[in-house]
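Please read the report below with the structure open beside it.

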Amino acid sequence: MEKTLGHLTPVGCSGSASASEADRLRALRSLEILGTASSPELDRLCRMAQAVFGVPISLVTLVENDFQWFKAKCGLDIEGTSRDAAFCDKTIRGDVVMVVPDARADERFASNPLVTGEPFIRFYAGAPLILSPGVRLGSICIIDSKPRSVSGQEAEILNQLADAVVGELRRHRSDLDLRSEQLARESELSTQRHILTQAENEGASGSWEFDRLTGGIGWSDGLYRLLGYQPCETTPPDELFRRHVHPDDTHLLDRAISAVVEARAFDLEIRIVDAKGATRWLSSRGEPLHEADGTTRRMIGVLRDVTEAKRADDVLRESEDHYRHVVELNPRIPWTADPEGAILEVSNRWVAVTGSSREEALGHGWLEALHPDDLESTARIWLACLASGEPVTCDYRIRQRDGTYRWFRAEGAPKRASDGTILRWYGTCEDIHERRLASEALRRSEAFSRSVLESSSDCIAVLDVAGHLLFMNDRTLRAMNIDALDNVLGRHWSALWPREYAPYVADAVLIASQGAGCRFSAPYAPTEGSTRWWDVHLGPIREADGKPGRLLAAARDVTEQKLARDRIVHVARHDPLTGLPNRMKFNETLKETLSRSDGAEVAVLLLDLDDFKEINDTRGHPIGDTLLRQVAARLTKVTEKAGPLARLGGDEFAVIHAVSVSGMAPLELADHVVDAMKEPFEINGDQLRAGVSVGVTVTRRLGQPMEELFKEADIALYEAKADGGGTARLYEAAMQEAIHTRQALKHDLSFALERGELSLAYQPLMDLSNGRIRCFEALLRWQHPVRGAVSPVEFIPLAEETGLILPIGEWVLAQACGEAAKWPQDVSVAVNVSPVQFRSGSLPLRVATALSASGLQPSRLELEITESVLLNDSESNLRLLHALKALGVRIALDDFGTGYSSLAYLRTFPFDKIKLDRSFVGDIGVSHHSEAIIEAVGSLGRSLSMTTTAEGVESAEQLEWLSDHGWMQVQGYLIGRPSKPELVKAFFEKGHDPTFTDGNRSRPRVA
């Protein structure tokens, strides 16, 4: 039967509507791929499919009217089959991978000649080649003579190969189009050359071409005519042209020749004396012509007769000189501009006013003399008039010789041709400085009161010295919901404010009337339920004698600022995610509680979620945040009668428990919290469990410092975590001793390396195929001078926590590589890499240093990386793994099956070895589920061409089961215990054959 597996669906269930057969065939033939030679890229993809899936036959097929063509094939030496017999005819009816696990059991294919005869197809899987939605040209398929199945991951790989095939078909069509375009361009170039010849014949111009490789020069007929000759002239072009260059311009010809030789563009005007003796001006331009490969082989150029244009320029220059003399006596500053607004002329008056030269004013240089504040408005007005053609009038300030500025008015109008186009602009600049200042002074005087009182962003009121209202601006009337000023004129200002604030307002009036200013804040409710807060300044307006004559009140609505301040205060003391008090607020509350406890017991409970980091890392931060909010809600309900709850940060919470108020013992409250957290949390339809550990401490004396309570609760929390979590512990003095012991161990570990207390032991790994020892794993040991042997389980976490794992790990690499260099060439050494080493980023450099110093071949070093190393920062992990791989070392994925990201990394990184965690091996012969997992992992490793190693083998039964199920390597006490390096060395020096003999189950014990 056909298999349905996730995205593998039966024929007829497609992702998009199918195009008609005519459209499909039209699309296939438009590619022009049928009947062409074999494609190396399609052959490569076909071989890739055969290798990836381990099948004898793989094909790239294209389905025509009644025939299926094999455009690429591996394992089958025929050109195609009839469409009736083609499995792929059904594949192209849908957008998904079609899988036939066993063709003999499928009634559609059981009698197919390809099933009953060569190549005896039993298994088929094919992905359609989708050129566009609904248009399926054929397939890429894999075929086996025995039944098989396809996983979802393998189906995705087949789809990706189909996408690659379609891309190659499109590339073939693009190549055909590119060749067609090239032929069209060559035809167009020929046409352009013909047009150029005609243009030269009709105008006084000519062109030339110089080949930099051959030195050959090609001239058009037009160039001969410019010199007064017929195109049949036999004199070489370069000699003929130099003969007619004006004697004073030969240096220009030499400059042009240098530019041609060096493939530089040039543009110049040069005089010639033609065959009739007339002097003519030629404009000469040349530029390099770049080839497709970026090189410059040819230079091309044009010469044009500009004699008449030069004469016209001379006449115009004489006219302009005459005009310049006329306008010099004008007291204004005359100017002219071209149609685009660039200044062409300005009188010497400009020089006298600004001190800059006339040349500096030309073009747009005059803008440099304008005041910076006037540049934008002036440019806007000038550009608008240039666009519309309307006369321009604009006022702006011009910098004088002494650096000061004066106001000028520019006026101008365009001169138009008979067709209405603008030929030039003519205008003048007039000094209007005094008029402008007088006008502005008057305007400022008139607008002063209005701008202060009416245009102010504040609410303004004017009072007499007794506090009675004389004036309010419109903003104040609107803010106080007063219909008209007449309704409140003469009333005392304090009467408009809330009754409870009236005395403060009256006091402010008294202070201001005595000549001092004051400020106060007060609420005002223009309508019921709409209270606004105001910040009010009240000060005197003095008369000529300096005494207060009136009072000026300026008020500003600060409601939003006050609310913002209140919010800031709240945010600073509350957690934004859960809304609970944060550490700052908790400390303030605890300090206040302790200060007024009067000796009553106060308990502090520190709570830490047990599994939050795992959930946050595997499910993502949004799920983690949702979980924290639900945790906060549940804890709030449990502790609401006990005391305030706070989130201190991360997954840590705290409770202040006033024992006398709640009547509940602190440890009893902690147990309630632990029990409440045992219930799962439901998030997005999933049930997540996040237990909690609680550390509890209770005040034992009056005035006990807050910091001491926190420390005690933290120690109790550590003990609860050490007990496995999901429990509560009450602080005891003995806990302090355990902390001191741990700190002492940290201290001693920091000196263990330099004191020579660390050593390596080596445990063998055996190949099950031949019973030989091919590798030893280096294991770190610590012999403490007082405590004796310290377990790695105890000291490795301390080394990682303190960062000592980096120098220790570097030492381990150096020792292991140096020792392995003394072993036989076919024996490797495996070294474990800590997550801390992996994240440091310098691991590749340290590995390379160890290999270089020891002389050990990189292929004899295996780095064992646990799945926990790979949990975070996938891109960085992959970069580091590839860097290590580039050194030539082997990478093993250790403790496989205990993490969360290994399958994804098996897909994206080619590990050399998978090491199964010992917890699975221990279940052999006990748990069928574990055995199924072990068998699946072994199969997965073999399919990915990775060595499979099982750890923790301690019985002959386990060894036999692993051997029978295809595992490649084993490691454990049955094979050999960790041994000192000298014993390993002696083992090899004695010439022992490190082979596991099945006959008597002897094993190569090193120790």
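Which residue meets Glu-588 in a salt bridge? The partner is Arg-573, and the N to O distance is 3.0 Å. A salt bridge here is a side-chain nitrogen of Lys or Arg within 4 Å of a carboxyl oxygen of Asp or Glu. Glu-588 belongs to helix α17 (residues 583-595), while Arg-573 sits in the loop between α16 (559-572) and α17, so the pair ties together parts that are 15 residues apart in sequence.

The model is predicted: local features need pLDDT of at least 70 and side-chain atom pairs pLDDT 80 or more, while totals for chains, interfaces and linings use all residues. Residues are numbered from 1 along each chain as its sequence is written, and side-chain values use heavy atoms, without hydrogens and water.

**Salt bridges**

The whole structure contains 58 salt bridges. Three of them are listed here.

| Pair | N to O distance |
|---|---|
| Glu-588 and Arg-573 | 3.0 Å |
| Lys-678 and Asp-675 | 3.5 Å |
| Arg-148 and Asp-144 | 3.7 Å |

How far these residues are covered is given by the relative accessible area: buried means under 20%, exposed over 50%, and partly exposed in between (1.4 Å probe, protein chains only). Glu-588 is partly exposed at 34%, and Arg-573 is partly exposed at 25%. Asp-675 has a value of 44% and counts as partly exposed. Salt bridges also link Glu-21, Arg-24, Arg-83, Asp-89 and Arg-93 in a network.

**Cysteines**

A disulfide is a pair of cysteine sulfur atoms within 2.5 Å. By this rule there are zero disulfides. For Cys-459, the nearest cysteine sulfur is that of Cys-518, 17 Å away. Cys-459 is buried, at 7% relative accessibility.

**Helix α12**

Helices (H or I, at least four residues) and strands (E, at least two) are DSSP runs, numbered from the N terminus. Helix α12 (residues 375-388) has 14 residues and spans 20 Å from first to last C-alpha, close to the 20 Å expected at 1.5 Å a residue. That expected span is 1.5 Å times one less than the number of residues. The buried residues of α12 are Thr-378, Trp-382, Cys-385 and Leu-386. Seen down the axis, they fall within an arc of 105 degrees, so they line one face of the helix; the arc is taken from the directions from the axis to the C-beta atoms. The face turned away from this side carries the exposed residues Glu-376, Arg-380, Leu-383 and Ala-387. Among the elements covering the buried residues are β12 (333-337), β14 (392-399) and β16 (422-431). Just after α12, Gly-389 has a positive phi of about 80 degrees.

**Aromatic rings**

Rings of Phe, Tyr and Trp (its six-membered ring) pair if their centres lie within 6.5 Å; planes under 30 degrees apart are stacked, over 60 edge-to-face, and the rest tilted. The structure has 20 aromatic pairs. The ring centres of Trp-208 and Phe-266 are 6.3 Å apart and the planes lie at 15 degrees, so this pair is stacked. Trp-208 is in strand β7 (residues 205-211) and Phe-266 in strand β9 (residues 266-273), 58 residues apart. Both Trp-208 and Phe-266 are buried. Trp-366 and Tyr-396 form a tilted pair, with 6.0 Å between centres and 45 degrees between planes.

Note on methods:
Contact = heavy atoms within 4.5 Å.
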